[in-house]
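Biologist: I'd like to learn how to read a few features in this one. Could you take me through them?

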Amino acid sequence: MSTIVIEKNMMVSMRDGVALATDVYRLEDTSPAPVLLARTPYNKEHIVSASGTFDIMRAVQAGYVIVVQDVRGRYASEGQFNPHFQEADDGVDAIAWAAKQSWSTGVVGTFGGSYLGCTQWIPAMRQPPALTAMAPSITPSDMYEGMAYQGGAKVLHDLRWVVDNIIPAEIQRRAAQGDSIPENTEYLDFNTALSQIPLGDHPLIQEYASFYSDWLAHQTADTYWHPASPCTAYEQINVPALNFSGWYDIFLWSAFENYMGMKARGNTEHARRNQKLIIGPWSHSNFSGTFPEREFGPSASSHAIDLTDIQLRWFDRWLKGIDNHIEQEPSVMFFVMGIDEWRTSTEWPLPDTQYRSYYLHSSGQANTRLGDGTLSETVPEDESPDTYLYNPLRPVPTMGGQVLMPGGNVIGPRDQRDVEMCDDVFVYSTPVLDHSVEVTGPVELCLFVASSARDTDFTGKLVDVYPDGRAIILTEGILRARYRHSFTEPECLQPDVIYELRLNLWATSNVFLPGHRIRLEVSSSNFPRFDRNSNTGGAIEKETADQYRSAINRVFHDAEHPSRLILPIIP
């Protein structure tokens, strides 16, 4: 057995002279090998233990050189950290350096998830000559939509990231460099940051993560976001990509966008033909298929399908030229919840998808309690709207879903019954099903609404209701009403005027079994998954709590305003 050589903290100079700390893992006394590169803001020292989806020691033994680098301004690397926007130049330079080393064959692949996926896609927009294939996982496609914002609302995963990861590491880094740390600085945790109105106003955020103020200031999808958004430049990307994500990942929609965008718009026929996508019953941080309130079975984990082996076969094909026929296999592999089994397809959405409308109805009773509404394929006739008060200082609490919050119990498939007791959550359910209904593909919610406010939010959740009453969330979405026409040109509401809104509830794959019910939840908040709309139509990122206003919101479902949930049904 060959000995593995580990070279630590090689300082690799970028084009501006800033040196980035780099580790190399390779077999001793062997011929040059293809390189697999990962660039991380999470400390390269943890790459071995943190690689839950890719075993780098196994990759070394399979004949690859592994290169891991701390990105600029993080841990052992020099420079100032400017997340995402710094990764194009640095990524191109790191790939070029890896390609020309004596232990390299001159071809480079990239791997890693979340931010490590960004460090793959962003330099790929520059077409570095040595880059031959990528395996990005759980990673964004658009720095604005789905990363910093969703449906125009501010997502708060990144605030948690700033508070729990970026700031503590930066304080330690500056202290190690001899910088003085302000005395009596208030300790910042996520709950403290969330209670801060305006968001991002805490002095520790201002001092140690000043970039977050820029993200809050750019509340529209303007050109500020483009340099770090691969979706704006698929036409410039020319390499195969193996994408994977989870039904409860915060970047689920991005995985589909990257896969479909590259198949349609990739720079070359080679790139367009060789895109793959794997979606499991996973969250952003849990690839086991096991959650506190839902167990998806022994085949559900990343280990069960051997994600490392899949990635090695991918790199074997494109970096070593081994004819293993992986490009001839179905391009999409996904886990169907409900029946808890894997399936493959050559297309996405699936070719036999039937988009079916489930219309919202009230129960028909006067003074209906929230939760009594129904869903059916019958178009509504004359029905009164459902009305509720949305108070942004009393938001509906986040309970599971496509979220990344402290504590494993708040992530993924969680029971929504406590949330459904809130007086500003409307619930619409089908009758108990007497046959299975498979929903696989993108989910959309069309709502006809009116509000007393100049701006407000509307949220939607697709839920699987079990015979014992458990209401397990599948997927969700939001739309800030001022962005109903455009994410670049907001337009406030006219109070009490009826508008049609289209909410993207992302996607799922779930079989609703006999005895279950299909359920939709509608509200105006989901906090701290998303920030709270102040209902003023003003600059929320600058407003104080005393400027927030309550809104009276109405959801219409009648013949003229047929609010409906549009589901991708598989016959």
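Biologist: How many salt bridges does the rule find across the interface of domain 1 and domain 3?

Modeller: The rule looks for a side-chain nitrogen of Lys or Arg within 4 Å of a carboxyl oxygen of Asp or Glu. Across the interface of domain 1 and domain 3 it gives 0 salt bridges. Keep in mind that this is a predicted model, where local features need pLDDT of at least 70 and side-chain atom pairs count only at pLDDT 80 or more, while totals for chains, interfaces and linings use all residues. Residues are numbered from 1 along each chain as its sequence is written, and side-chain values use heavy atoms, with hydrogens and water left out.

Biologist: Where do the domains run?

Modeller: The bounds come from an automatic or database domain assignment. That assignment gives domain 1 (4–144 + 230–276), domain 2 (153–218) and domain 3 (354–570).

Biologist: And what area do domain 1 and domain 3 bury between them?

Modeller: Interface size is often given as the accessible area lost when the parts come together. Here the figure (1.4 Å probe, summed over both parts) is about 1,100 Å², 69% of it on carbon and sulfur atoms. The rule also finds 2 residue pairs in polar contact across the interface of domain 1 and domain 3; that means N or O atoms within 3.5 Å, one able to donate a hydrogen and the other to accept it, with residues adjacent in sequence counting only if both atoms are side-chain atoms. On the side of domain 1 that touches domain 3, H9 gives the most, with 3 residues.

Biologist: In what order do the strands of the open sheet run?

Modeller: Strands here are DSSP E runs of at least two residues, helices are H or I runs of at least four, and both are numbered from the N terminus; two strands pair if DSSP finds at least two bridges between them. The 10 strands run S1-S2-S4-S3-S5-S6-S9-S10-S13-S14, with mixed pairing. At the edges sit S1 (4–13) and S14 (341–345), each pairing on one side only.

Biologist: Which peptide bonds are cis, and where do their prolines sit?

Modeller: Most peptide bonds are trans, and most residues other than glycine have a negative phi. A cis bond joins Ile-197 and Pro-198, with omega about 5°, and Pro-198 is in the loop between H6 (190–195) and H7 (203–208). Trp-348 to Pro-349 is also cis, omega near -5°, with Pro-349 in the loop between S14 and S15 (354–361). As for phi, Gln-127 has a positive value, near 55°.

Conventions: Buried area is the accessible area (1.4 Å probe) that two parts lose on being put together, summed over both.
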